[in-house]
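Here is a short tour of a protein model, written for someone who would rather look at the fold than at a list of coordinates. Keep the structure open beside you as you read.

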Amino acid sequence: MQVLQNDTFLKALMRESTSYTPVWMMRQAGRYLPEYKATRQDAGSFMDLCRNAQFATDVTLQPLDRYPLLDAAILFSDILTIPDAMGLGLSFEAGEGPRFERTLQHEADIKKLTVPDMADLQYVFNAVSSIRKALNGRVPLIGFSGSPWTLATYMVEGKGGTDFLTTKKMAYTRPDLLHHILETTAQTVIQYLNAQIEAGAQAVMIFDSWGGALSHNAYIEFSLNYMKKIIAGLTKTADGRKVPCVMFTKGGGLWLEAQAESGADALGLDWTIDIGLARARVGSKVALQGNLDPAVLLSTPAAIEKEVANILVSYGEGSGHVFNLGHGITQWTPPENAAAFLEAVRKHSQQYHINK
């Protein structure tokens, strides 16, 4: 078993004492890095990159090689691997994002939906094993999945970034059909994340990218309840250590108290909520991850340092904070600004952990 050389991230998720605030970046392996673009070109397509364990390993490690201050690696993959394995025909068009050849809009198609064979997702688990081996204990590895609600919006609408009217119409007119999609997807996510943990993931994250588009009652019924079901079904320990789970609903600041009762160890925050107020609302029930606006990284090192310091001041003393962006890093971020962000977190966070 590999000895973990830097477990600051895992300790913070469990609200244990650390000497500084650990940091990683959502989408830290991606299009803002020239080395990623080169590997992506070699791979031929985005999904070819995901399906090749060596390519996935290479791009996962690229930001760690460039930025020694990162405290975690995250599996390079996509949340849409699950609906792809369900036979919906995933493709990525340049400049257009993901699309599905088949959608779930008719009752007959929806009722045919079943949990896919995990063998169809073996390439993801192979990538996890390969990355874990290549990390050699350097930092922990995060596995992840989309939430059932977020995956359902892609499966029904056929693409992302919509107003979700077809999915919402189903929620209000045929909730039984939407619940079938969500239940099937939740059972799939449980198996999927547990297989990632078995392959070597040391923490897992559920990305609820579109939960914030729902009304209060609809969020509880169609998003949060299914994430709770997933968390309850997850493998809790591996390698003799707790495997923490982070739950992140973009636009989810309205429901922090309910999220804190979900069984998750930590909640991700977007940039629309003050982290100090969030900490006051959830108390000691969960750790918090976030929450710099990714657009700040398009500014200057001085502006980045100021915003980082403001978030650290707001969170205050003690552990239980994993510094991150409030959503994924944008492709237009200058790599040197990402470095300035990481340096600012390390520089300013240590004062909040002295003898704490």
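On a 1 Å grid over the protein atoms alone, a cavity is a set of points where a 1.4 Å probe fits but cannot get out, while a pocket is an open set with protein on both sides within 12 Å along at least five of seven lines; lining residues have an atom within 4 Å of a point. Grid points are joined across faces, edges and corners, and a volume is the space filled by probe spheres set on the points.

This is a predicted model, in which local features need pLDDT of at least 70 and side-chain atom pairs count only at pLDDT 80 or more, whereas totals for chains, interfaces and linings use all residues. Residues are numbered from 1 along each chain as its sequence is written, and side-chain values use heavy atoms, with hydrogens and water left out.

The largest cavity holds about 40 Å³ of space. Its lining includes Thr249, Gly251, Gly252, Gly253 and Leu256, and also Gln259, Gly268, Leu269, Asp270 and Ile273.

The largest pocket has a volume of about 1400 Å³. Of the 39 residues that line this pocket, Arg27, Arg31, Phe46, Asp78 and Phe92 are the closest to its centre. Helix H2, strand S2 (90-93) and strand S3 (97-100) are the elements that give two or more residues to the lining. Helices (H or I, at least four residues) and strands (E, at least two) are DSSP runs, numbered from the N terminus.

Arginine 27 sits in the loop between helix H1 (8-13) and H2.

Two helix pairs come next. Axes are lines fitted to C-alpha atoms, for helices over the stretch in contact, and angles run from 0 to 180 degrees between N-to-C directions.

| Helix pair | Angle | Axis separation |
|---|---|---|
| H2 (residues 34-43) and H4 (residues 53-66) | about 170° | 10 Å |
| H9 (residues 165-173) and H10 (residues 175-199) | about 115° | 5 Å |

H2 and H4 are therefore roughly antiparallel to each other (angles over 145 degrees count as such). In their contact (heavy atoms within 4.5 Å), Pro34, Glu35, Tyr36, Thr39, Asp42 and Ala43 of H2 meet Phe55, Val59, Gln62 and Arg66 of H4. For the second pair, Thr167, Met170, Ala171, Tyr172 and Thr173 of H9 touch Pro175, Leu177, Leu178 and Ile181 of H10.

Now for the sheet. 7 strands form an open sheet with parallel pairing, in the order S1-S4-S5-S8-S9-S10-S11; two strands pair if DSSP finds at least two bridges between them. Strand S1 (73-74) and strand S11 (321-325) stand at the edges, each with a single partner strand, so one side of each is left without a neighbour in the sheet. S10 (residues 287-292) pairs with S11 in the parallel sense over 5 bridges, and leucine 292 has leucine 325 in S11 as its bridge partner.

Where is asparagine 291 found? Asparagine 291 lies in strand S10, and a cis peptide bond joins glycine 290 to asparagine 291, with omega about 0°.

Note on methods. Angles under 35 degrees count as roughly parallel, over 145 as roughly antiparallel, 65 to 115 as roughly perpendicular and the rest as oblique.
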